[in-house]
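Here's a quick tour of a fold, going from a pair of strands out to the helices around them. Have a look at the sequence and structure first.

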Amino acid sequence: MTTTQMTMQMTTPRRTALRTTAPRTTVPRDGAAAEAGVPGDVLVGGAQAAGELGLGRGEFARAVQLGIVRAGPPASGGAARYARAELERVRSAEARPGGLRDRIETVAGAQAAAEVVGVGPSRFTRLARCGHITPVAYRINRYRAVVWLYLTAELREFAARQPMMLRGTAPPPDRELMAAGADLRPLKWRGRHVGLLLKRTADPWERAAVLASVLPEDELHRAVPDPAERIVLAALAPPLPYGHPQAPAAAAVALRLLKAEPPEEVHWYRTSLDFALTGARQSKSTGERGPT
């Protein structure tokens, strides 16, 4: 098994129950959202939901990304909505004030993350590049460099769980990776990102679209030779991550992070997409869009 395969912690798509009925029109984009409210519950938009939870826009987006807050049925225009019952569930689940904010707090860059862990920036960079710590998001700075974001709670947990990694010399596998110039941060982030997206939908075509979105264009064409199916997958593709830059130069840098690159990783997503499409083609369900 290669180092890339050993470090990938991805959720293999499960075959969902096949349906032969017409496409749904009311099933939410979020697969877990079926539990996020009850019939007749009051639904509010994202801005209002964030305010009711005492979160800023970015904090709320992170809570949704992590599955802490589950979306309800979308509005007619596709905008996400949130059930009041779901917001109350989130509030009641917190044991103390500020607990939710602690769970979603992030730090940006190696310097800030190293301070949380209690090591120097160079050691933290090595730990992250070797795949011991997984970023939760990215930003592109004004120099078009990638700045990785980390969950503060996860950094503290890592420091408590792996104190021996915070001192002494690097273990042989890490030395080999660093000598080879490896950087597993993009791969680890993609694995986390895809896993979270797959947890948010049970629809077979939407799950296939998540996997397709990570494949390079030429690889996707080989995996899905039917142009009509590629149109469906593109229409159902997940939105860009929150914080994805709008400026063309920065966006071009960020877009490279969204695509699988090492051959082993590309093969993994290609195999997973083949499996997901087998179930999707037998199921007539396409969420709210796609062929019937």
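## The sheet

Let's start with a pairing: strand 4 and strand 5 (residues 146-151) run antiparallel to each other, joined over 4 bridges. Pairing here asks for at least two DSSP bridges between the strands.

Zooming out, the open sheet has 3 strands in the order 3-5-4, with antiparallel pairing. Strand 3 (106-108) and strand 4 (137-140) are the edges with a single partner strand each, so one side of each has no neighbour in the sheet. From one strand to the next, the twist averages 25°. Helix 14 (residues 248-257) lies across strand 4 and strand 5, at about 155° to strand 4. Angles run from 0 to 180 degrees between N-to-C directions, with axes fitted as lines to C-alpha atoms, for helices over the stretch in contact.

## Ground rules

This is a predicted model, where local features need pLDDT of at least 70 and side-chain atom pairs count only at pLDDT 80 or more, while totals for chains, interfaces and linings use all residues. Residues are numbered from 1 along each chain as its sequence is written, and side-chain values use heavy atoms, leaving out hydrogens and water.

Helices (H or I, at least four residues) and strands (E, at least two) are DSSP runs numbered from the N terminus. On that count the chain has 15 helices and 5 strands. Of its 292 residues, 45% are buried, meaning under 20% relative accessible area with a 1.4 Å probe, protein chains only. Among contacts (heavy atoms within 4.5 Å) with a separation of 6 or more, 76% link residues 24 or more positions apart.

## Helix 7 and its cover

In helix 7 (residues 121-129), the buried residues are Phe124, Arg126, Leu127 and Ala128. Their cover includes helix 6 (109-117), strand 5, helix 8 (152-161), helix 9 (172-179) and helix 10 (185-199). Just past helix 7, Gly131 has a positive phi of about 90°.

## Helix 11 against helix 15

The axes of helix 11 (residues 204-212) and helix 15 (residues 263-282) come within 9 Å and cross at roughly 160°. That makes helix 11 roughly antiparallel to helix 15, a label for angles over 145 degrees.

On the helix 11 side, the contact is made by Pro204, Trp205, Ala208, Leu211 and Ala212. Helix 15 brings Tyr269, Ser272, Leu273, Ala276, Leu277, Ala280 and Arg281.

Terms used
Buried < 20%, exposed > 50% of the residue type's maximum accessible area, 1.4 Å probe, protein only. Parallel < 35°, antiparallel > 145°, perpendicular 65-115°, else oblique.
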